[in-house]
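Colleague: I am new to this structure and would like to go through it step by step. Could you take my questions in turn?

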Amino acid sequence: MFFDFSSTFNTILPSVLKDKLENSGGTGAPQGTVLAPFLFTIYTADFSHNSTQCFLQKFSDDSVIVGLITDGDDKEYRGLTQDFVDWCQLNYLQINGSKTKELVVDFRRHKHPPLQPLNIQGMDIEAVDSYRYLGVHLNNKLDWTHNSDALYRKGQSRLYLLRRLRSFGVEGPLLKTFYDSVVASAIFYGVVCWGGSISAGDRKRLNRLIRRVSSVLGCPLDPVEVVSDRRMVAKLSSMLDNISHPMQETLTALSSSFSGRLRHPRCGMERFRRSFLPTAVRLHNKDSN
């Protein structure tokens with residue numbers, strides 16, 4: 001359930017925020033960032049939920065409830081959603097029902113009966129096949145096709161800008177800097193999430209785009225698989241070094257007491273085997289050899 005708020009930062013009440021700031025016990029101030037998202041994060045910090053079946057994911061004003069429904073039992077998921085809606089009303093946050101969407105991932109062979117739509121404040125929430133969350137396109141098949149299409153289109157538009165710059169006489173390190181900051185940032189956005197899971201066809205298409213960029217720059221560039229492997233290992237290393245990371249407990253359980261290697265997580269499905277954690281662990285152990 002992807003929630004959307006109306007006039008997000010304008011609904012923060014100073015009197016309520018004051019109490020939340022006092023209760024947070026924090027010190028200092030954020031550096032290099034705008035203040036409104038930080039204050040909104042504090043404003044919403046007192047509502048959280050994390051269980052084996054459901055959890056609430058918040059990133060500034062982007063709030064998502066992820067629920068696992070087994071044998072049709074959606075009581076906790078629906079209850080958490082209602083609790084969150086009630087909490088928003090108590091804290092004067094207005095949920096935009098028309099922009100709030102639900103994405104249902106269902107791999108059951110027999111999908112009967114269908115899940116009933118959730119109703120929030122008198123409005124049935126629309127169930128969608130895909131949703132763009134924090135710049136990454138997710139779909140109900142978890143196959144990254146929508147995301148790959150979006151990355152390819154954005155990469156093509158940035159390639160046009162690169163060619164225009166070269167036609168104006170821009171070359172060398174300056175053109176490479178533009179590629180790193182504008183073109184590569186679009187093509188490889190979120191590559192840690194999807195790098196090991198995209199289809200062979202999508203990978204070939206993105207690599208063809210990278211080769212066209214390489215011809216404009218006049219220098220070789222790393223393909224998708226090389227960039228994704230490198231960034232996955234770097235991300236896993238940073239998670240291992242961060243004792244406060246939410247996945248620290250999971251990583252600790254995979255750590256071997258006899259070596260610096262990590263035990264490969266059990267993968268019952270190919271979809272999980274190609275996801276971030278199993279792929280990153282495999283690459284990490286390969287580098288450790």
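What follows is a conversation about this predicted model, moving from the whole chain to single residues.

Colleague: How many helices and strands are there in the chain?
Modeller: The model is a predicted one, and its C-alpha trace spans about 60 × 45 × 45 Å along the principal axes. Within that trace, the secondary structure of the chain consists of 11 helices and nine strands.

Colleague: Of the contacts in the chain with a separation of 6 or more, what percentage is accounted for by residues 24 or more positions apart?
Modeller: As background, the chain has 289 residues, of which 36% are buried. When contacts with a separation of 6 or more are considered, the share that comes from residues 24 or more positions apart is 63%.

Colleague: How far apart do the centres of the positive and negative side chains lie?
Modeller: The chain carries 36 positive and 29 negative side chains.

Colleague: Why do the buried residues of helix α1 lie on the same side, and what is the arc they cover?
Modeller: In helix α1, which comprises residues 14-24, the buried residues are Val16, Leu17 and Lys20. Because the arc they cover around the axis is so limited, they are put on the same side of α1, and that arc is only 95 degrees.

Colleague: Which helices are included in what covers the buried residues of α1?
Modeller: The face of α1 turned away from its buried side carries Pro14, Ser15 and Glu22, which are exposed. The buried residues, by contrast, are covered by elements that include α2 (35-43) and α3 (75-90).

Colleague: Is Met123 buried, exposed or partly exposed?
Modeller: Met123 belongs to strand β6, residues 123-124, and, leaving aside residues up to four places away in sequence, it touches Gly97, Ser98 and Leu118. Its relative accessible area is 37%, and since buried means under 20% and exposed means over 50%, Met123 is partly exposed.

Colleague: Which residue in the hairpin of β2 and β3 takes a positive phi?
Modeller: The hairpin has two residues between its strands. The positive phi, near 55 degrees, is taken by Ser60.

How values were computed. Residues are numbered from 1 along each chain as its sequence is written. This is a predicted model: local features need pLDDT of at least 70, side-chain atom pairs count only at pLDDT 80 or more; totals for chains, interfaces and linings use all residues. Side-chain values use heavy atoms; hydrogens and water are left out. Helices (H or I, at least four residues) and strands (E, at least two) are DSSP runs, numbered from the N terminus. Buried means under 20% relative accessible area, exposed over 50%, partly exposed in between (1.4 Å probe, protein chains only). Contact means heavy atoms within 4.5 Å. Lys and Arg count as positive and Asp and Glu as negative; His and the chain ends are not counted. The place of a charge is taken as NZ of Lys, CZ of Arg, CG of Asp or CD of Glu. The arc is that of the directions from the helix axis to the C-beta atoms. Two strands pair if DSSP finds at least two bridges between them.
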